[in-house]
Amino acid sequence: MSVFLARSSSAAAILIISAQGAFADVSAQDVWSDWKAYMTGTGYTVTGTESMSGNTLTVSDITMTMPIPEEDATGGFMMPEIKFVENGDGTVNMLLPKEFPMSFVGSDDKEKFSVEILFSHDGAPMVVSGDTSAMAYDYASSKVTMTLNKIEATGEDVPDDLVKASVVFSDVATKTNMQIADLRSYDQTMTIADVNYDFSFKDPESADSGTVTGAMSKLTFAGTSVVPNGLKNPQMSDLIKAGFGFDGTFAHAGGNTNVSVTGSDSFDLQSSSTGGDIAMAMSQDGLSYDVKQQGISLNVSGSEIPFPLALTMAETGFKLLMPVSQSDAEQDFALGVTLRDFAVPEMLWGMVDPTGTLPHDPATIVLDLAGKGKLLLDLFDAKALEGLERGDQEPGELNAVSIKQLLVSAAGAKLTGTGDFTFNNADLDTYDGMPAPDGVANLKLEGANGLIDNLIKMGLVSDSDAMGARMMMGMFGVPGEGEDTLTSEIKVSEDGQIHANGQRIK
């Protein structure tokens, strides 16, 4: 139900924090009707009991459901009441009760589940202004709290003390500008002073229990999205083909997390960071993530861990770019991982290197890949995915890969490299089922002999093993500029040949 959860969570967030479209200088009924049009356009069936009194439209017993074909199930959420108030000055207030339950539900042929969340805020209205083609709406609250109230699965309540969860947002402010045409476009910003979360669980069949607590400060969001109009009961694949897209970045100025598990085994984790950001985008052109975190500190201990572990990192990062739509033309993809200035305390170094033979400088690993390929199916097409599972559908073709950066630095040695390769998908025999590659990689290794010498001094590597390693380096590398430096040019051809520095090794 991943697609449903993503879409229902997004819809709930838009409803609660950003109040979908209200028309200035129009009636409350028009506001509600337009909001329903937005939700039905993204695949929901919306119902509610409407009651008009004076300048206020009250909509109660609101339900929003949608089919989930890939799971042969349905899902949705329910709210007790929303009020739309015409202010008489060209603006409309959307009012939620100060405290109310909001339920997320799902079902299939075999089981049903529901999760009830208690939502509370200071009662501030969402103020909407503009005209029928361009609307702006603002919301600000000193405190917003979401608390897990009840879980029910297949008609049975889960005990209250089995799972507990709460999230508290302080000083929330959002502003959204919406344009309505053939496509609805949104431009949104959000700031939150801090977020505090508290989760706990108990195992009903043992004494095991655990807690997860933490906080983040100075959260911000800025992003845009586009939603097609006029689609009837669309699935995600329909929305993507019709022009759906989003692009946004979340950032924070630091946070911490504490995990504690007790019972038959114990486990404790404390982590913190000085900041980070998550950039996400999806459209017919592809899906991308770019996640970064700075100033990381981590401490881990537990009954199954022989000694406490601690580490720090200056930066961690992960990025991904991949296509989501079938195409006969080549499409871009990318993958990147960064672990920069990874360090452990001297106490841990003392366990493996008490004499300080090795340099104890922080280690770094960076891999940055980019390439071209063809996706041969739509990732959000349930039938195509079923064909892939049966083996009737090929996922795609790999056409080219570029190694934009390779960096591994640790214990006094450093490996760097770049490379470019193309792949022949018509030849799956030369390399045992892999498309035949053709290209060159250039590598540089510094400090390897010094590292081997130090490992011999520590008794971790024998003289014979060291000789074998040096022979292997001599086979693939030639002396480079500077002391204890090797360089290597590795050429791979479609006919199965591999050359190192001009010498054929295969």
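Colleague: Is Asp378 buried or exposed?

Modeller: This is a predicted model, so read each value as computed from predicted coordinates. Asp378 is buried, because its relative accessible area is 15% and buried means under 20%.

Colleague: Which residue does the side chain of Asp378 meet in a salt bridge?

Modeller: Start with the general idea. Side chains of opposite charge can pair when their charged atoms come close. Here the partner is Lys241, at 3.6 Å from N to O. Lys241 sits in helix H3, residues 236–241. Asp378 sits in the loop between strand E20 (363–375) and helix H5 (382–390).

Colleague: How many salt bridges does the count come to?

Modeller: Nine. One of them joins Asp368 and Lys319, with the closest N and O atoms 3.2 Å apart. This pair links distant parts of the chain: Asp368 in strand E20 and Lys319 in strand E18 (residues 309–322), 49 residues apart. Asp368 counts as buried, at 14% relative accessibility. Lys319 counts as partly exposed, at 27%.

Colleague: Where do Asp332 and Lys372 lie?

Modeller: Asp332 is in strand E19 (residues 331–343), and Lys372 is in strand E20. Their side chains meet in a salt bridge, 2.6 Å from N to O. That pair ties together parts 40 residues apart in sequence. Asp332 is partly exposed, at 42% relative accessible area. Lys372 is partly exposed too, at 35%.

Colleague: Now cavities. How many of 30 Å³ or more does the structure hold?

Modeller: The general idea comes first. Rolling a probe the size of a water molecule over the atoms shows where empty space is left. This structure holds one cavity of 30 Å³ or more. The largest cavity has a volume of about 40 Å³.

Colleague: Which residues line the largest cavity?

Modeller: Ser237, Ile240, Lys241, Val324, Ser325, Asp378 and Phe380. By type, the lining divides into three nonpolar, two polar and two charged residues.

Colleague: Next, a helix. Which residues of helix H6 are buried?

Modeller: Here is how to read it. An α-helix has 3.6 residues a turn, so residues three or four places apart point the same way. In H6 (residues 448–457), Ala448, Ile452, Asn454 and Leu455 are buried. They cover an arc of only 165° around the axis, which puts them on the same side of H6.

Colleague: What do the buried residues of H6 pack against?

Modeller: Strand E22 (413–424), strand E23 (436–446) and helix H7 (463–476). After H6 comes Gly459, with a positive phi near 80°.

Colleague: What is the phi of Asp171?

Modeller: Near 50°, a positive value in a residue other than glycine. Asp171 lies in strand E10 (residues 163–180). Asp171 is partly exposed, with a relative accessible area of 47%.

Colleague: Where is Asp432 found?

Modeller: In the loop between E22 and E23. Asp432 has a positive phi, near 55°, and is not a glycine. At 76% relative accessibility, Asp432 counts as exposed.

Colleague: One more. Is Glu483 buried or exposed?

Modeller: Glu483 is exposed, because its relative accessible area is 78% and exposed means over 50%. Glu483 lies in the loop between strand E24 (478–479) and strand E25 (485–492). Glu483 and Gly447 are 36 residues apart in sequence, and their C-alpha atoms are 8.0 Å apart in space.

Definitions and conventions:
Residues are numbered from 1 along each chain as its sequence is written. This is a predicted model: local features need pLDDT of at least 70, side-chain atom pairs count only at pLDDT 80 or more; totals for chains, interfaces and linings use all residues. Side-chain values use heavy atoms; hydrogens and water are left out. On a 1 Å grid over the protein atoms alone, a cavity is a set of points where a 1.4 Å probe fits but cannot get out, and a pocket is an open set with protein on both sides within 12 Å along at least five of seven lines; lining residues have an atom within 4 Å of a point. Grid points are joined across faces, edges and corners, and a volume is the space filled by probe spheres set on the points. Ala, Val, Leu, Ile, Met, Phe, Trp, Tyr, Cys and Pro count as nonpolar, Asp, Glu, Lys and Arg as charged, and the others, Gly among them, as polar. Helices (H or I, at least four residues) and strands (E, at least two) are DSSP runs, numbered from the N terminus. Buried means under 20% relative accessible area, exposed over 50%, partly exposed in between (1.4 Å probe, protein chains only). A salt bridge is a side-chain nitrogen of Lys or Arg within 4 Å of a carboxyl oxygen of Asp or Glu. The arc is that of the directions from the helix axis to the C-beta atoms. Contact means heavy atoms within 4.5 Å.
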